[in-house]
Amino acid sequence: MLKSIFVAVALATAACAAAQTPTPHYTGVPRDYIAHDFHFSSGESIPTLKLHYLTLGTPHHNAAGHVDNAVLVLHGTGGDAHSLFNPVFSGPLFGPGEPLDITKYFLIFPDDIGHGESSKPSDGLHMKFPHYDYDDMVRSQHLMLLEGLNVDHLRLVIGTSMGCMQSFVWGETYPDFADALMPLACNAVPLAGRNRMMRYMAIENIERDPAWKNGEYTTEPTEGVRTAAEMILIMGLAPLQSQKNFPTPEAAEKNVDSYLDHAVKVDDANDMIYYLDASRDYDPSKNLGKITAPMMWVNSADDFVNPPELGLAQQQVKQIPHGKFVLLPITDDTRGHGTHTIAKIWKDYLVELLKESEPKP
């Protein structure tokens, strides 16, 4: 199964936080939606686009016959629907009495285009696969909900990292579709500066590996993938936890070697290129005023991917009519960019959002 560096860093660092707390194991019900003749923002198209997704809970229909308890849960770059079944995310959220109690809500977890068991370059098209972006991902999710699940309204969209950015796309593109939005660990500007530099260098290292062969490799270009993974690894780490967990040179080096050896076994080079580049035209900054749903936007102060010193969110949230921004301080519980997965840290803000956005009878 594909597992990106972004996701693996988050889950590896989060695992320490969950080690002492047994939680239920959620698996979800697997389903597929097929979109025919799907057209992408790039002008490319594909005859058949498969979107795989998992669900937890049962849809509830209101008096008019519409599903009124659906929640869309969006994963990060290179992840899949299973990413957010991690106990540090699912444990504090999905159980009885928790904010997203699956006896109350119908949770929907898509594998985004290019990820998991959904259509992706490694299925066979390689670099001939359409060059998707976040707009395509959100539009395909919208189709999946309407045509695959007969869901025409969402109680909540909640997303981590890439899913965080998609939450902004959802709010601007379909402003009346969800009662509330909770983006976790992102900014609402183009991915320029250090973020884009990192992605560009990772892609360049794969494409400059002679074994890549313009995407028509028969064996993985492991040197390119490994070098790309090194850059993404450092972006996802939290300095405090890295120093605590790997306090000697030997421990730090052993962790890197173990991590990168795993990365080259599970990551596909073409898939990496595509999902790292999918953010190339992301820019919700011009239309933040169109987001009418209540929004609880949460970042953490030790997030190297979205550094707080830029001060972007604090200013941009003022343009969102019903938006709130929370910057979580650095603590023993935060895990840098991976804090988005540690639900116990921010779940009270989710409770607040759900309460404030409760539909009127």
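Which residues in H5 meet which residues in H9?

## H5 against H9

This is a predicted model. On the H5 side, the residues are Arg-196, Arg-199, Ala-202, Ile-203, Ile-206 and Glu-207. They meet Ala-269, Met-272, Ile-273, Tyr-275, Leu-276 and Asp-277 in H9.

H5 covers residues 193-207 and H9 covers residues 269-277. The two helices pack at an angle of about 155°, with their axes 10 Å apart. Angles over 145 degrees count as roughly antiparallel, and H5 and H9 are therefore roughly antiparallel to each other. H5 passes H9 in a left-handed crossing.

## H5 against H6

H5 also packs with helix H6, residues 222-236. Here the angle is about 165° and the axes lie 7 Å apart. That makes H5 roughly antiparallel to H6. The crossing of these two helices is left-handed.

From H5, the contacts come from Arg-194, Asn-195, Met-198, Met-201, Ala-202, Asn-205 and Ile-206. Their partners in H6 are Gly-224, Val-225, Thr-227, Ala-228, Met-231, Ile-232 and Met-235. Ala-202 and Ile-206 are listed in the contacts with H9 and in those with H6.

Helix H4 runs over residues 162-173. Its twelve residues reach 16 Å from the first C-alpha to the last, close to the 16 Å expected at 1.5 Å a residue.

Eleven of the twelve residues are buried, so H4 is largely enclosed by the rest of the structure. Among the buried residues are Cys-164, Phe-168, Trp-170 and Glu-172. The buried residues of H4 pack against strands E3, E5, E6 and E7, and against helices H3 and H5.

Helix H8 holds 18 residues, 249-266. At 1.5 Å a residue they should span 26 Å, and the end C-alpha atoms are 26 Å apart, which agrees.

Tyr-259, Leu-260, Ala-263 and Val-264 are buried in H8. Seen down the helix axis, the buried residues fall within an arc of 130°, so they line one face. An α-helix has 3.6 residues a turn, so residues three or four places apart point the same way. The face of H8 turned away from the buried side carries exposed Glu-250, Lys-254 and Lys-265.

## Gly-76 in its loop

Gly-76 is found in the loop between strand E3 (70-74) and helix H2 (87-94). Its relative accessibility is 6%, so Gly-76 counts as buried; the cut-off is under 20%. Gly-76 and Asp-112 are 36 residues apart in sequence. In space they are 9.2 Å apart, C-alpha to C-alpha.

Definitions and conventions
Residues numbered from 1 in each chain as written. Predicted model: local features only at pLDDT ≥ 70, side-chain atom pairs only at ≥ 80, totals over all residues. Heavy atoms only, no water. Helix = DSSP H or I, 4+ residues; strand = E, 2+ residues; numbered from the N terminus. Expected span 1.5 Å × (residues − 1). Buried < 20%, exposed > 50% of the residue type's maximum accessible area, 1.4 Å probe, protein only. Arc of directions from axis to C-beta. Axes fitted to C-alpha atoms, helices over the stretch in contact; angles between N-to-C directions. Parallel < 35°, antiparallel > 145°, perpendicular 65-115°, else oblique. Left-handed = near helix turned anticlockwise from the far one by under 90°. Contact = heavy atoms within 4.5 Å.
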